[in-house]
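Subject: Handing over the structure

Hello,

Here is the structure I promised to pass on to you. Please have a look at it first, and then read my notes below.

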Amino acid sequence: MCGIVGYWNNQKNALPILIDSLKKLEYRGYDSFGFVTISDSKLYVERQIGKVSSVKCRDLPGIVGIGHTRWATHGKVTETNTHPHRDCTNTIAVVHNGIIENFQEIKSSLIEKGHRFLSETDTEILAHLIEEDLKFGMSLKNSVMKTGSLIKGRNAFVVLHALTKEIIAFRNGSPLIIGIKKDSNEIFLASDIQAFLDKTKEVMYLDDEELVLIKENPEFYDAKNGEKIEKRLISIAGEVEESQKGDYSHFMLKEIMDQKETIISAINQDDLEIMHVAKEINEAKGIFFIGCGTAARVCHFAEYVFSHIANKHINFITASEFENYKHFLLPETLVIAISQSGETADVLEALEVAKQKGSKIISVVNVSNSSMTKISDYSFLINAGVEKAVASTKATTSQMAITTLLAYACAGKLREGDRVLVDLAGKVNDMLNPRYSEHIKKLAQIIHKKENILIIGRGLNYPISLESAIKIMEVSYIHAQGFAGGELKHGPIALVEEGTPVIVLVGNENTGEVINNAIEVKSRGAYVIGIASKNNQAFDYWIKTPNTDEITTPIANLIPIQLLSFYLGILRGHDVDYPRSLAKSVTVK
Ligand code: F6R
């Protein structure tokens, strides 16, 4: 959460480059944004509420600067709480990502020393701590080191000094990457490589407890002892990945349509590597799949798939609850993290626990070189391409495809897994056509004024009902809840009133019980929406899904839900790519 950018060069105006870079990080938070540049040894600051892509910025002079897009944690969405924050002398500016867990005590002691705070943020203490050190003759580098060691939590912060024109960045738990363009003597800094990948592909990754001092050339230091360290310059291969909307009105719609190809890309893995991981799974003493939000629902789906295909029990745990299971971890235990970003704080913290216990870690991520890949013994890339819309769509189905393939590999049936998933990919490709979208849009028109939607599924479709609820809620803000069909009569059915939309996710086998549930809610007045390969008289509205293998039906069933969520959000007038209060990468706990 929150995006950081920085730019250093010796001729060009910094602001247009900072704005351009920050726009690419908007998905990390979009409550407010700010920039600071230096000119004539003075700081020039611009801060505004809203998204950097939709608000016009005032010009700022100067060739060096930093910027920030905020997802509010400490303090409301106000201009005063927007980064950058400054010290009392107005020479030090700071932008920050993370939460400083011990900020209150530090703030109190700084107030006692006479520092004047303007915002409610935890970030502002950083500027004042550094001011305090510099007052006593400490160098900026030593002060940043000291400050970094003082603060608790997962953080990254960047400091700009008006007099020395230095940028110093510190990382401990939140990513920072440096881009170098040698021919034009430009240095970029960001919390995600996407911010500057169109300008340079030569990058250096800052690791935890390291800092980088940017002035002419970037110098890297071990933040624990101040010793200089050498960093490898990495060339990012291939073309800059296209993350534009193209002809689509929204990233979410584009990414739903990308699923015509992404299921195939997800299963395009090296057979030997898949078999190697399958062997690790088969030999492990205890297997935990962990993730958050939608990724946690994929872990839940994996639990069913491993049970059905590989006759194997795996535990699925929401990463934020993993701590409660740590006493089960052994060196022979395997922890598999599912994450689009590879940066989700709760997952990283769970993996750190696993690491301390000596357990093996595998991650399944979309973003290469993310923090999760670094902590893992082995990492799979899901190859879904950049996913920009906050609501995950194509990454989800890719994660589901790869976990399904792994389950087949564990059962010694990799070829069969390939065949089943290739068949699914072809059918998804056929399904995603304009006529299909129109049919779902029509349904959205019927139900978009409702304030409550229920979704039921059984077996493999139960986790999908839970994911469907997440998707509908986050994009349309309609309350939605998923249930196992069998649970209906144990409480949830009381919510069904005349006209309540109930979405019934139907598999391709043993469909009787879920259809019975559909009939039960229909008798109580529900408006029954069937997502199924065959129509049924219980359905008031039928959305046809392809006749796929039973194991892959849930993946196909999720796609119309994604489209429905999108159209519900649009009809209710929401910014579907950037739903309120959310961010794409949840880097705080
Ligand atoms: C919902 C959604 C979130 C993420 C969750 C984990 O559409 O995208 O629930 O799934 O924040 O994020 P990653 O996958 O980056 O770990």
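The notes below go from the domains to the sheets, a few single residues and the cores.

First, the ground rules. This is a predicted model, in which local features need pLDDT of at least 70 and side-chain atom pairs count only at pLDDT 80 or more, while totals for chains, interfaces and linings use all residues. Residues are numbered from 1 along each chain as its sequence is written, and side-chain values use heavy atoms, with hydrogens and water left out.

**Domains**

The protein splits into domain 1 (3–237), domain 2 (242–427) and domain 3 (433–589); such bounds come from an automatic or database domain assignment. Between the C-alpha centres of domain 1 and domain 2 there are 32 Å. Nine residues of domain 1 and twelve residues of domain 2 take part in their contact, where contact means heavy atoms within 4.5 Å.

Helices (H or I, at least four residues) and strands (E, at least two) are DSSP runs, numbered from the N terminus. Strand E1 (residues 3–8) has six of its six residues buried, so the strand is largely enclosed by the rest of the structure. Buried here means under 20% relative accessible area, exposed over 50%, and partly exposed in between (1.4 Å probe, protein chains only). Gly-3, Val-5 and Tyr-7 point one way from E1, while Ile-4, Gly-6 and Trp-8 point the other way.

Two strands pair if DSSP finds at least two bridges between them. E1 pairs with E4 in the antiparallel sense over six bridges, and with strand E10 (residues 186–190), again antiparallel, over four bridges. Gly-6 has a bridge partner in each: Ile-66 in E4 and Leu-189 in E10.

**The seven-stranded sheet**

An open sheet of seven strands runs in the order E5-E6-E7-E8-E12-E13-E14, with antiparallel pairing. Its edges are strand E5 (85–86) and strand E14 (228–229), each of which pairs on one side only. Helix H3 (residues 124–135) packs on this sheet and touches E5, strand E6 (92–98) and E7, its direction making about 135° with that of E6. Axes are lines fitted to C-alpha atoms, for helices over the stretch in contact, and angles run from 0 to 180 degrees between N-to-C directions. Helix H4 (residues 140–150) lies across E7, E8, strand E12 (210–215) and strand E13 (217–222), at about 155° to E7.

Within the sheet, strand E7 (residues 155–161) and strand E8 (residues 167–172) share five antiparallel bridges, and Phe-157 has Phe-170 of E8 as its bridge partner. Phe-157 is also one of the contacts of Thr-147, along with Leu-126, Leu-129, Ile-130 and Asp-133, leaving aside neighbours within four places in sequence. Thr-147 lies in helix H4 and is buried at 1% relative accessibility.

His-161 sits in strand E7 and is buried, with a relative accessible area of 7%. Its side chain reaches the backbone nitrogen of Thr-164 at 3.3 Å. Lys-56, found in the loop between strand E3 (42–49) and strand E4 (64–70), is exposed, with a relative accessible area of 73%. Not counting residues up to four places away in sequence, Lys-56 touches Glu-46 and Gln-48.

**The parallel sheet**

Another open sheet has five strands in the order E22-E21-E23-E24-E25, with parallel pairing. Strand E22 (479–484) and strand E25 (541–544) form its edges. Strand E23 (residues 501–505) and strand E24 (residues 527–532) pair over five bridges, with Tyr-527 in E24 as the partner of Pro-501. Helix H15 (residues 512–523) lies across strand E21 (452–457), E23 and E24, at about 170° to E23. Helix H16 (residues 553–571) lies across E21, E23, E24 and E25, at about 155° to E23.

**The cores**

A nonpolar core is a set of buried Ala, Val, Leu, Ile, Met, Phe, Trp, Tyr and Cys residues joined through side-chain atoms within 4.5 Å. The largest one has 87 residues, and those with the most contacts inside it include Ile-281, Phe-289, Ile-453 and Ile-503. Domain 2 and domain 3 both give residues to this core, so it lies between them. Apart from it there is another core, of 27 residues, among them Tyr-30, Leu-60, Ile-193 and Val-203.

Best wishes

Key. Polar contact = N/O pair within 3.5 Å; in protein donor to acceptor, adjacent residues only side chain to side chain.
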